[in-house]
Amino acid sequence: MGNIVWILIMLPCSMIFTVIGIYAWNSKKPMSFWSGSTVGENEISDIRSYNRANAIMWLCFSVPLWVSTFLGYFYIKTGAVILVIGCILGIPALPVAYGRIYKKYKR
């Protein structure tokens with residue numbers, strides 16, 4: 001029963017970050033990182049490359065979530081450990097990575 005609950009919780013969580021990455025990859029307008037903030041088209045030198053870098057950032061963050069999702073179905077404790085490590089390392093890394101992306105493509 002716990003394995004099914006794990007999958008029901010982790011699948012949507014993993015999908016959210018993957019969908020954000022896919023959306024960023026296909027977006028024509030500059031992707032924002034912070035909720036409520038916007039990045040103007042005049043702020044970014046190469047919108048396509050900027051969005052692709054954002055997409056890669058989000059997709060990389062989703063990888064440990066996907067690994068945790070499927071591994072946790074068979075070995076729930078191992079999946080939980082991977083999830084915790086991925087979040088502890090990934091959540092602080094996201095703003096740092098975005099800051100570098102923004103600086104690289106800022107006009």
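These are my notebook entries on a predicted model of one chain.

**Ground rules**

I number residues from 1 along the chain as its sequence is written, and side-chain values use heavy atoms, with hydrogens and water left out.

**Entry 1: overall layout**

I looked up the secondary structure and found 3 helices and 0 strands. Helices (H or I, at least four residues) and strands (E, at least two) are DSSP runs, numbered from the N terminus. The order from the N terminus is α-α-α. Along the principal axes, the C-alpha atoms fill a box of roughly 50 × 20 × 20 Å.

I then took the totals. The chain has 107 residues, of which 32% are buried. I call a residue buried under 20% relative accessible area, exposed over 50% and partly exposed in between (1.4 Å probe, protein chains only). The accessible surface comes to about 6900 Å², and 71% of it belongs to carbon and sulfur atoms. Areas are from the Shrake-Rupley method with a 1.4 Å probe; for residues, only the protein chains shown count as cover.

Residues 24 or more positions apart account for 70% of them.

**Entry 2: cysteines**

How many disulfides does the structure hold? I count 0, with a disulfide taken as a pair of cysteine sulfur atoms within 2.5 Å. Cys60 is in no disulfide, and its nearest cysteine sulfur, in Cys87, is 15 Å away. Cys87 has its closest cysteine sulfur in Cys13, at 8.9 Å, which is too far for a bond. I also noted that Cys87 is partly exposed, at 24% relative accessibility.

**Entry 3: aromatic rings**

A search of the whole structure gave me 10 aromatic pairs. Rings of Phe, Tyr and Trp (its six-membered ring) pair if their centres lie within 6.5 Å; planes under 30 degrees apart are stacked, over 60 edge-to-face, and the rest tilted.

I looked at Phe17 and Trp58, a stacked pair at 5.8 Å centre to centre with 15° between the planes. Phe17 lies in helix H1 (residues 2–26) and Trp58 in helix H2 (residues 47–74), so this pair ties together parts 41 residues apart in sequence. Phe17 is partly exposed at 23% relative accessibility, whereas Trp58 is buried at 10%.

Trp58 also forms a stacked pair with Phe33, at 5.6 Å centre to centre and 25° between the planes. This pair links distant parts of the chain, with Phe33 in the loop between H1 and H2 and Trp58 in helix H2, 25 residues apart. Both Phe33 and Trp58 are buried.

Which residues form one aromatic cluster? I list Phe17, Phe33, Trp34, Tyr50, Trp58, Phe61, Tyr98, Tyr102 and Tyr105.

**Entry 4: a nonpolar surface patch**

I found a nonpolar patch on the surface made of Ile4, Leu8, Tyr73, Phe74 and Tyr75, with about 580 Å² of accessible area together. Patch residues have over 30% relative accessible area and no salt bridge; nonpolar side chains (Val, Leu, Ile, Met, Phe, Trp, Tyr) are joined within 5 Å, like charges within 9 Å. A salt bridge is a side-chain nitrogen of Lys or Arg within 4 Å of a carboxyl oxygen of Asp or Glu. H1 and H2 are the elements that give two or more residues to this patch. Tyr75 sits in the loop between H2 and helix H3 (76–105) and is exposed, at 53% relative accessibility.

**Entry 5: single residues**

Thr18 is in helix H1. Thr18 is buried, with a relative accessible area of 17%. Leaving out residues up to four places away in sequence, Thr18 touches Leu59, Ser62 and Trp66.

Pro30 is in the loop between H1 and H2. Is Pro30 buried or exposed? At 11% relative accessibility, I count Pro30 as buried. Residues that Pro30 touches, not counting those up to four places away in sequence, include Val39, Ile44, Ile47 and Tyr50. I also checked Pro30 against Ile76, 46 residues apart along the chain, and their C-alpha atoms are separated by 38 Å.

Asp46 is in the loop between H1 and H2 and is partly exposed, at 33% relative accessibility. The C-alpha atoms of Asp46 and Thr69, 23 residues apart along the chain, are separated by 35 Å.

Note on methods: This is a predicted model: local features need pLDDT of at least 70, side-chain atom pairs count only at pLDDT 80 or more; totals for chains, interfaces and linings use all residues. Contact means heavy atoms within 4.5 Å.
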